[in-house]
Amino acid sequence: MAQADAGALDQNASVEPTGRLRTADGRPLKSALRRAQRRRKITAFLLVTPLLVFILGFFVFPIAQMMWRSVDNPQVVRALPNTLEALQTWDGQDVPGEAVFAALHADFVADAERPRRDQAMGPLAVRLNYELSAARGAISRTSRQAVNFEAPYREAFLDSHRLWGQPELWRIIKREGRPLTSAYYVAALDREFDADGSIVRRDENRRIYVQLFIRTILMSVAITFLTFVLGFPIAYYLSILPMRYSSLLMICVLLPFWTSLLVRTSAWIVLLQQQGVINSSLVGLGLMDDANRVQMIYNMTGTIVAMTHILLPFMVLPLYSVMRTIPPSYMRAAKSMGATPSTAFRRVYFPQTLPGIGAGGVLVFIISIGYYITPALVGGQSGRMISNEIARHMQQSLNWGLAAALGTMLLVGVLVLYWLYNRLVGADSLKLG
Amino acid sequence: MTFKIKLAGASAAVSLLAMGAAQAQDPVSLTIVSWGGAYTASQVRAYHEPYMELNPHVTIINDDGSANALAGLRAQSQAGNVTWDLVDMLPSDAQLACDEGIIMQIDHDAMLAAAPDGTPASEDFLPGSLGECFIPQIVYSTVLTYRPDAFPEDNQPSSIADLFDVENFPGRRALQDRPGTNMEWALYADGVDPDDIYDLLRTPEGVDRAFAKLDEIRDHIIFWTEGAQAPQLLADGEVAFATGYNGRMFDAIEVEGQPFEIIWDGQVVEWDGWVVPADGNNLDAVMDYLYWATDTQRLADQAKFISYGPARASSAALVGEHADLGIDMGPHMPTAPENYFAPIVLDNDFWVDYGDEMRERFANWMLQ
């Protein structure tokens with residue numbers, strides 16, 4: 001910029017004998033320009049600093065921390081340092097020998113001596129139970145007795161809980177005896193480690209997440225498409241109406257924005273349920289048999305209908321703002337040159353609305369892929385989405401590592417889709433208003 | 001939250017000023033976390049209000065965070081900023097929190113009142129109800145409820161087996177969207193003795209058997225998530241059967257006048273009670289409150305406001321009439337002899353150990 005300006009000035013300004021341009025007070029023009037621009041850059045930066053600090057502190061940092069949890073694995077290392085060392089020479093086949101159990105005893109004793117706040121066996125029990133059911137019971141029951149164990153320790157531990165006699169528990173302790181783990185991602189992909197330590201698919205009856213991810217994406221695509229189909233004509237109509245009517249109608253489009261999400265979702269329950277308004281009206285009009293009321297809620301249909309309604313304004317607004325800027329004379333010009341109305345629409349009007357469709361589509365898709373409360377209320381079993389599972393792990397099972405892994409995968413998925421969109425369509429063409 | 005506390009602190013200070021310098025104790029505000037709705041209301045009337053009357057320097061703030069108590073406790077503990085003083089939660093969650101060391105261990109005889117006849121607390125509370133870190137208040141149960149008008153008069157359902165009998169008792173069923181209770185009932189309906197259910201569920205064959213039984217009614221189920229959804233679905237006529245907490249069903253039947261009937265067969269009985277977050281700021285005040293609020297009379301008092309049974313044996317004789325409705329509450333208690341004929345006592349050890357695996361299988365089963 002500075003160079004370009006200086007170059008342009010070269011043509012007209014008077015050139016000193018040294019060949020360098022100077023300002024009125026004698027400083028070289030180039031450095032004066034640079035200084036002025038630096039000052040402007042600093043001002044601009046200071047202006048956005050509060051927002052930047054806010055985003056870093058309350059958005060980027062918590063997300064990074066959450067992502068870190070999906071690989072963070074301190075529990076085994078902290079609770080069982082002696083055992084892990086003794087396990088280094090273990091072949092991974094049979095139950096380990098006395099040396100390992102003596103080390104295990106030493107770890108339990110060391111832990112009992114720590115103040116309660118710092119005890120590591122509780123978190124260890126919870127962590128191991130994610131990998132092997134009943135491991136929590138083995139650890140917490142043993143930790144109450146272990147201090148009193150006498151040598152030989154192997155027998156004492158094997159007596160205290162059956163799991164100590166299972167090589168699987170030892171393999172898990174050895175595998176998870178590292179500060180970082182991939183176990184949460186393995187679980188999030190419906191996979192697990194087998195006896196050799198290689199990753200295999202889980203039993204068919206325990207696979208959930210991959211299926212849910214696919215369903216979430218398909219449902220989001222369907223919702224995005226439906227909002228487009230419903231939103232495009234509305235936005236078009238709004239854009240050709242005179243301003244005073246269109247702003248009145250715009251209020252109707254925006255009205256849902258001002259109503260509580262829960263109220264809107266409950267309204268759909270009242271409308272769609274089997275004893276609800278729609279079913280009862282159809283039965284009352286004799287169009288449907290009382291015994292064959294249609295189930296339109298507590299399934300995928302319910303989620304899609306309710307979410308399409310809730311997300312419709314996110315499609316209409318960008319479409320409207322783009323359509324408003326398309327001069328009607330283009331269509332007239334196309335028609336005057338012989339295009340049929342449908343050709344004029346297809347070849348002249350529609351291509352110009354693409355930035356709005358792109359923006360609306362990306363908005364609706366990204367919002368719906370992480371939607372949570374509506375699927376929980378009207379989704380039944382077939383209309384659930386991945387975010388319902390994430391919420392369950394955050395709030396109920398308290399498996400934050402798995403929740404973080406699922407959340408990170410969702411985040412990465414959205415970023416990949418956005419990147420693809422950017423490659424194919426170009427983010428520059430996004431128009432939000 | 002901070003705002004709330006400040007506000008309560010301010011109001012406590014105002015009331016202190018009003019009383020003048022005669023009051024020697026510093027004002028304390030206790031944040032007590034519970035389930036909200038009718039349940040918190042019963043605690044407010046049975047415990048909080050009388051306690052604040054006796055101890056004017058204490059202000060109690062209610063927080064309806066119990067549904068996510070475990071997550072909240074862990075988050076507060078990790079942030080090093082514990083703002084909850086006392087939390088109402090389920091024993092299985094309490095055991096997890098106890099293992100993590102984020103709630104206090106309880107010495108029941110030293111910290112809690114003895115029964116009026118001198119029986120120490122550890123013997124007065126119902127057998128199996130006390131936990132390492134857990135003080136039970138109530139016994140509640142998950143019961144099957146139905147609409148009598150959904151079935152002919154001469155063919156009304158009466159057992160858990162009828163829930164799984166779609167041919168004789170057609171209609172949709174509202175079940176909770178988690179394995180607890182559903183797995184137990186599947187085996188119970190399949191003829192397993194209540195005492196053997198959890199032994200069987202610890203084996204893969206038992207789990208398969210439970211899911212095979214659940215398969216029989218799969219197409220007739222609507223799953224509910226929030227406790228209030230079950231009575232609502234039943235009231236709307238969306239379902240013929242619904243599982244739900246007996247207290248909510250009592251409210252729907254007696255207070256709202258809904259035409260539901262409760263089936264006490266196979267009721268799944270569980271405790272609910274207090275835990276004390278470790279590193280709270282008002283431990284002395286909390287302990288004083290706990291000693292008072294879990295004594296024999298107070299636990300019996302709570303049953304005046306909600307149909308959950310007191311967790312102390314010595315309280316049972318003191319349960320009287322509902323404070324507003326004037327109904328004798330005895331027959332509505334899950335523990336009343338005529339209701340307690342075939343109870344399934346929830347095995348928390350089982351659910352803490354196997355819960356993750358069961359939830360995964362159940363989620364997978366729901367997805368099919």
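How many residues of chain A are in contact with chain B, and how many of chain B with chain A? In this predicted model, it comes down to 43 residues of chain A in contact with 46 residues of chain B. The size of an interface is often given as the accessible area lost when the parts come together. Here, chain A and chain B bury about 4100 Å² between them, with 42% of that on carbon and sulfur atoms. On the chain A side, the residues that lose the most area to chain B are A:Arg116, A:Arg136 and A:Gln381, which together make up 17% of what that side buries.

Seven salt bridges turn up across the interface of chain A and chain B. A:Arg136, for instance, forms a salt bridge with B:Asp349, and their closest N and O atoms sit 3.6 Å apart. Several helices of chain A each supply at least two residues of the side that touches chain B, among them α7 (135-145) and α11 (209-240). That side of chain A divides into 13 nonpolar, 15 polar and 15 charged residues.

What about the nonpolar cores? The largest has 72 residues, and those with the most contacts inside it include A:Phe157, A:Trp164, B:Phe164 and B:Leu201. Helix α15 (residues 348-367) of chain B gives this core its largest share, seven residues. Leaving aside neighbours within four places in sequence, A:Phe157 is in contact with residues including A:Phe101, A:His105, A:Phe149 and A:Trp164. Another core, of 44 residues, lies apart from the largest one and includes A:Trp400, A:Leu402, B:Val33 and B:Cys98.

How values were computed. Residues are numbered from 1 along each chain as its sequence is written. Chains are lettered from A and ligands numbered from 1 in the order in which they are written. This is a predicted model: local features need pLDDT of at least 70, side-chain atom pairs count only at pLDDT 80 or more; totals for chains, interfaces and linings use all residues. Side-chain values use heavy atoms; hydrogens and water are left out. Contact means heavy atoms within 4.5 Å. Buried area is the accessible area (1.4 Å probe) that two parts lose on being put together, summed over both. A salt bridge is a side-chain nitrogen of Lys or Arg within 4 Å of a carboxyl oxygen of Asp or Glu. Helices (H or I, at least four residues) and strands (E, at least two) are DSSP runs, numbered from the N terminus. Ala, Val, Leu, Ile, Met, Phe, Trp, Tyr, Cys and Pro count as nonpolar, Asp, Glu, Lys and Arg as charged, and the others, Gly among them, as polar. A nonpolar core is a set of buried Ala, Val, Leu, Ile, Met, Phe, Trp, Tyr and Cys residues joined through side-chain atoms within 4.5 Å. Buried means under 20% relative accessible area, exposed over 50%, partly exposed in between (1.4 Å probe, protein chains only).
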